[in-house]
Amino acid sequence: MHRPRRLIVFTDLDGSLLDYHTYSMEAAGPALHRLDELGCPLVIVSSKTRAEVDALTGLPAKPLVFITENGSGVYVHQDMSVEQSSPPEIAGEYSVLRLGSAYADILRCLDEAQKTCRVVIHGFSSMSTSEVSTLTGLDLNAAERAKAREFSEPFLFKGTADGFRLLTQALERSGMRCLKGDRFWHAIGSRCDKGVAVRKAFAIFRENYPGTIWKSIALGDSPSDVPMLEAADTAVIIQRHDGTSIDYRAKASQTVIRSQDAGPVGWNKVILELTEEREGHG
Ligand SMILES: [Mg+2]
């Protein structure tokens, strides 16, 4: 029996599919359309919130599955079947699988940890929309969406290295941890990361398309992308806007590709090459 072979693509947004400065995915347009034509699902795996992913422009189709806040939330479109919690949680056309901690719990733990460690952080919850806009380069509407957190708190830390170590230890004792993002630290539940969420999303695709043989590709540019890169057959390290790229050691039997261009320009070239290769193999 012929079993269809398909690529499934998991991608980071900021600095990978989206340009670090302009937040545009325009340069990746040809590759995005190629994936859409071939029926290859694109799963967004971002530190961004649901409100930000909902507002993305430039995608050829609505995503069947997307992952928010560094692996904390997995959103599955109602066209896909998924085992639900009871009662199921629905957001618009999507079912919500919560892998991360609730935002209120994160803020409470951060507050307690700051007091215990006598350090001060500056998190999104205490910033005005215009301050988030200034720090990120997002316009005010986009900054408002970035502040609509459900599972994690981005923050700046200005204290000493010792102070930061105490803070992370205190957070770890309360079931949280700190992830380094492109512009901020992120306080997040300790049980979730992009790798856990990608494995969950991949399992949902395999259950929904039992006859398909999948080959997975993951693309990212940051240390927080490493667990996601490790979960894929092909890991694509996207060059960062300053010309550097992260250290990455291939998992066994994994192919690793390093993009020769930064952000969506590199993303576009690598995906076009990978889809052409597959065409070549029939
Ligand atoms: Mg990134």
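How many residues of domain 1 are in contact with how many residues of domain 2?

A: The model is predicted: local features need pLDDT of at least 70 and side-chain atom pairs count only at pLDDT 80 or more, while totals for chains, interfaces and linings use all residues. Residues are numbered from 1 along each chain as its sequence is written.

Domain 1 comprises 5–100 + 193–280, and domain 2 comprises 103–189; such bounds come from an automatic or database domain assignment. Between them, 18 residues of domain 1 are in contact with 16 residues of domain 2, contact being counted where C-beta atoms, placed from the backbone, lie within 7 Å. On the side of domain 1 that touches domain 2, helix α2 (residues 50–54) gives the largest share, three residues. Helices (H or I, at least four residues) and strands (E, at least two) are DSSP runs, numbered from the N terminus. By class, that side of domain 1 has four nonpolar, 10 polar and four charged residues. Here Ala, Val, Leu, Ile, Met, Phe, Trp, Tyr, Cys and Pro count as nonpolar, Asp, Glu, Lys and Arg as charged, and the others, Gly among them, as polar. The C-alpha centres of the two domains lie 25 Å apart.

Strand β12 (residues 234–239) runs parallel to β13 and is joined to it by five bridges, with R258 of β13 the bridge partner of I237.

Notes. Two strands pair if DSSP finds at least two bridges between them. Two residues are in contact if their C-beta atoms, placed from the backbone, lie within 7 Å.
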